[in-house]
Amino acid sequence: MTEPLTTEYAEPAREALGRLRAEVAKAVVGQDGVVAGLVIALLCRGHVLLEGPPGVAKTLLVRSLGAALDLEMKRIQFTPDLMPGDVTGSVIYDPRSAEFQFRPGPVFTNLLLADEINRTPPKTQSSLLEVMEERQVSADGVTRALPEPFLVAATQNPIEHEGTYPLPEAQVDRFLLKLTVPLPARDEELGVLRAHHAGFDPRDLGAVGIKAVAGRAELAAAREAVGRVTVTEPVLGYIVDVCRATRATPSVELGASPRGATSLLATAKAWAWLGGRDHVTPDDVKVMARPTLRHRLRLTPEAELEGVTAESVLDAVLASVPTPR
């Protein structure tokens with residue numbers, strides 16, 4: 001659409017995005033919250049860090065979302081020997097034309113699943129910095145833009161530490177959200193077993209019947225509608241106070257940055273719009289504070305030894321900062 005999008009496109013777009021959960025649920029059981037977080041990241045043009053134990057369908061979740069959104073999805077398995085060119089692409093010599101040509105890497109897609117991102121060395125991890133922030137790849141003096149929309153969904157196992165390379169704070173801060181992918185409840189796990197017993201094959205999404213319920217036009221309309229969501233001065237002040245309170249907490253060595261505050265504003269607006277509201281409430285801020293800020297807090301070693309977590313710090317901050325009326 002070349003003309004400015006109007007409100008008549010916003011409601012159909014919200015309904016289309018609302019149907020995503022039903023489509024993804026055809027392949028993935030019990031991850032509604034993670035699906036909502038991925039949709040919010042798309043609306044905010046952000047990226048997501050998925051954390052959870054192996055076998056909770058993180059890869060299948062992103063693949064299913066791509067199928068339901070009619071978007072291209074690619075996957076990179078990060079390993080210790082992966083090179084930056086394997087991620088972004090590289091310049092190679094073509095003997096047929098006797099010229100050097102750029103071969104695009106897997107980042108040239110809409111949904112990029114960076115599987116086990118903490119298993120590759122910092123040199124390769126850093127190849128995603130320009131990709132995530134600038135949405136472009138620079139190689140051989142040429143800058144190449146990535147397709148739109150573009151989202152990086154990076155996974156990491158919170159339990160394993162041997163043979164891993166923790167992401168530096170500067171790169172972690174570039175993720176809009178950190179979503180925890182939990183183990184399913186008993187009834188949900190029974191549903192998984194029944195589906196597999198009936199012949200479900202996670203490698204064949206076509207047989208599951210997932211259909212595209214939204215595309216680029218709906219995402220564009222939704223993004224413009226989210227941009228029109230209003231925020232009052234008291235709520236803006238509340239967002240700032242929450243972020244500043246994390247920096248003043250004794251158990252926190254590094255609190256939420258100003259980028260964290262702007263991210264919280266963006267995610268709260270997207271959450272409000274998905275909920276059918278044209279303004280942000282303090283409750284919207286509270287809902288999005290944990291997934292938006294939890295990965296931006298670095299605790300002191302003493303606090304970690306005492307069992308303090310980023311979640312408990314945010315719980316205390318949200319309980320102590322006065323809520324505007």
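The model is predicted: local features need pLDDT of at least 70, side-chain atom pairs count only at pLDDT 80 or more, and totals for chains, interfaces and linings use all residues. Residues are numbered from 1 along each chain as its sequence is written, and side-chain values use heavy atoms, with hydrogens and water left out.

**Confidence**

- Mean pLDDT (the predictor's confidence in each residue, from 0 to 100) is 88 for the protein, and 96% of its residues reach 70 or more.
- Over residues 1–5 pLDDT stays under 50, and the model has eight contacts (heavy atoms within 4.5 Å) for them beyond four places in sequence.

**Salt bridges**

- The whole structure holds 17 salt bridges, each being a side-chain nitrogen of Lys or Arg within 4 Å of a carboxyl oxygen of Asp or Glu.
- R296 and D173 form one at 2.8 Å, N to O. The two residues are 123 residues apart: R296 is in the loop between helix 14 (282–293) and strand 11 (298–299), and D173 is in the loop between helix 8 and strand 9 (177–180). Helices (H or I, at least four residues) and strands (E, at least two) are DSSP runs, numbered from the N terminus.
- Both R296 and D173 are buried; buried means under 20% relative accessible area, exposed over 50%, and partly exposed in between (1.4 Å probe, protein chains only).
- D315 pairs with R290, the closest N and O atoms being 2.8 Å apart. D315 lies in helix 16 (residues 310–320) and R290 in helix 14, so this pair ties together parts that are 25 residues apart in sequence.
- D315 is partly exposed at 37% relative accessibility, and R290 is partly exposed at 27%.
- E72 and K74 form a salt bridge with closest N and O atoms 4.0 Å apart; E72 has a relative accessible area of 40% and K74 one of 30%.
- A network of salt bridges links R45, E148 and R223.

**Buried Q171**

- Q171 belongs to helix 8 (residues 169–172) and counts as buried at 2% relative accessibility.
- Beyond its neighbours within four places in sequence, Q171 contacts I117, Q125, S126, L128, L129 and M132.

**Surface patch**

- V91, Y93 and F100 make a nonpolar surface patch of about 320 Å². Patch residues have over 30% relative accessible area and no salt bridge, with like charges joined within 9 Å and nonpolar side chains (Val, Leu, Ile, Met, Phe, Trp, Tyr) within 5 Å; accessible areas come from the Shrake-Rupley method with a 1.4 Å probe, and for residues only the protein chains shown count as cover.
- V91 lies in strand 3 (residues 89–94) and is partly exposed at 32%.

**Annotated domain**

- An unreviewed UniProt entry places "domain: ChlI/MoxR AAA lid" at residues 244–315; such annotations may be inferred rather than shown by experiment.
- That span is 61% helix and 7% strand, with its end C-alpha atoms 14 Å apart.
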